[in-house]
Amino acid sequence: MDVATIATFLAAGGASFFMAWAIGAGSSGSTPFAPAVGANAISVMRAGFFVGILGLLGATLQGANVTEAVGRDLILGTTLSPIAAIVALTVAAGLVALGVFAGYPIATAFTVTGAVVGAGLAMGGSPAWPKYAEILTVWTLTPFVGGGIAYGTAKLLRRDGVPDTVATPVLAGLVGAILANVEFVLLGPPDVARSVSGTIASGLPGRLLVTLAFAAVVAAVMAADMRRGAAAGQRRFLLALGGLVAFSAGGSQVGLALGPLLPLFDTVDVAVPLVALLFGGGLGLLIGSWTAAPRMIKAIAQDYSSLGPRRSIAALIPSFAIAQTAILLGVPISFNEIIVSAVIGAGAAAGTGGISSGKIGYTVLAWIGSLLGAGVLSFGLYTGAAFVL
């Protein structure tokens, strides 16, 4: 590679790392353990530490689908040039970082999607309407599905006729069933992800049996833990859910930082394994989580709704399920949208739930503004850069 190509890759890599840092500091770093922090199950600083480690693992093991979607599926007829990738990543990272320091959770998926589409359209690309429809459907359904499931689960856990020693193991079994069907790159052949159920059994009946068996084992372990102490058992379940959501956040969010870089590697002869890129992006998430996530953890945990252990569990279960669905579909999705809507739904189960309507309103406006603003800024900046260069 010549000097100009190396300089371009360094600039694009720096923008990507900045984006990964901003995501780790904001969306993936703050939201997964926020309900657990709000329930006093873990401290803010400890949550930031663990979410960084788990986010790195999730990015490396599950980040391929969303990375491919962001890098190749948002614009038709063209691929992002190095300058377009730098513009898109810098605009998106700047807006996310602004949200972190202002104390408002900017939706990273909205921002990156808007920035990539804006830069791609400025290059003369065509809109990928089918992919936009899929993304918009997931984004629109997320607050209603996540908030609704969280509300119903919280109501169930609060019922006097349903003891915690029964309800919590049942919910743990449900989480186990989902986990049995989560796809990991280590379980499949090269460049192919596979789930535990798919690895053990090949047909649908066999996979269903494996799923039920996995769910039964997880429920039995949870029931035994609850018998030793209900409060401690719930706390451990809550922390386990936070870990699963943190892992899922890494798998989903790393693609927002790495996706725009993929077309750059198509222009050079050097083959770089995708897993190496995912690991590098995961390191950016980890550093962001360790250096700046505590501020946003506090914002989510305390400013939106103060939840106890039961409602925190209710918020994290749909968050995990929605995140894994989005990863499977290859849809970029914001963890701020997932967690905030689930926290609101779980908080509403207790009446007011301590929800700040003003904060929610400002957050929704920030989400919409980040999508449109990132698109307009990227379009304008790339057009100006292309005119100058």
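This is a predicted model: local features need pLDDT of at least 70, side-chain atom pairs count only at pLDDT 80 or more; totals for chains, interfaces and linings use all residues.

Trainee: What box do the C-alpha atoms fill?

Mentor: Roughly 70 × 50 × 35 Å, along the principal axes. On contacts: among those with a separation of 6 or more, 85% are between residues 24 or more positions apart.

Trainee: Let's switch to helix pairs. At what angle do H12 and H15 pack?

Mentor: About 25°, with the axes 9 Å apart. H12 covers residues 230–258 and H15 covers residues 309–329. With angles under 35 degrees counting as roughly parallel, H12 and H15 are therefore roughly parallel to each other.

Trainee: Is that crossing left-handed or right-handed?

Mentor: The crossing of H12 and H15 is left-handed. Residues making the contact include Phe237, Leu241 and Val245 of H12, and Ile313, Leu316 and Phe320 of H15. By class, the contact has 12 nonpolar, 8 polar and 1 charged residues.

Trainee: Now H8 and H16. How do their axes cross?

Mentor: At roughly 35°, and they come within 7 Å. H8 is residues 129–158, while H16 is residues 335–348. The crossing of H8 and H16 is right-handed.

Trainee: Which residues make that contact?

Mentor: From H8, they include Trp139, Gly146, Gly147 and Ala150; from H16, among them are Glu337, Ile338, Ala342 and Gly345. The contact of H8 with H16 divides into 9 nonpolar, 5 polar and 1 charged residues.

Trainee: You mentioned Ile338. Is Ile338 buried or exposed?

Mentor: Ile338, which sits in helix H16, has a relative accessible area of 1%. That is under the 20% cut-off, so Ile338 is buried.

Trainee: What does Ile338 touch, apart from its neighbours within four places in sequence?

Mentor: Ile338 is in contact with Thr142, Ser319, Ile322, Ala323 and Ile333.

Trainee: And how far is Ile338 from Ala12?

Mentor: Their C-alpha atoms are separated by 29 Å, and the two are 326 residues apart along the chain.

Definitions and conventions
Residues are numbered from 1 along each chain as its sequence is written. Side-chain values use heavy atoms; hydrogens and water are left out. Axes are lines fitted to C-alpha atoms, for helices over the stretch in contact, and angles run from 0 to 180 degrees between N-to-C directions. Helices (H or I, at least four residues) and strands (E, at least two) are DSSP runs, numbered from the N terminus. Angles under 35 degrees count as roughly parallel, over 145 as roughly antiparallel, 65 to 115 as roughly perpendicular and the rest as oblique. A crossing is left-handed if the near helix is turned anticlockwise from the far one by less than a right angle, and right-handed if clockwise. Contact means heavy atoms within 4.5 Å. Ala, Val, Leu, Ile, Met, Phe, Trp, Tyr, Cys and Pro count as nonpolar, Asp, Glu, Lys and Arg as charged, and the others, Gly among them, as polar. Buried means under 20% relative accessible area, exposed over 50%, partly exposed in between (1.4 Å probe, protein chains only).
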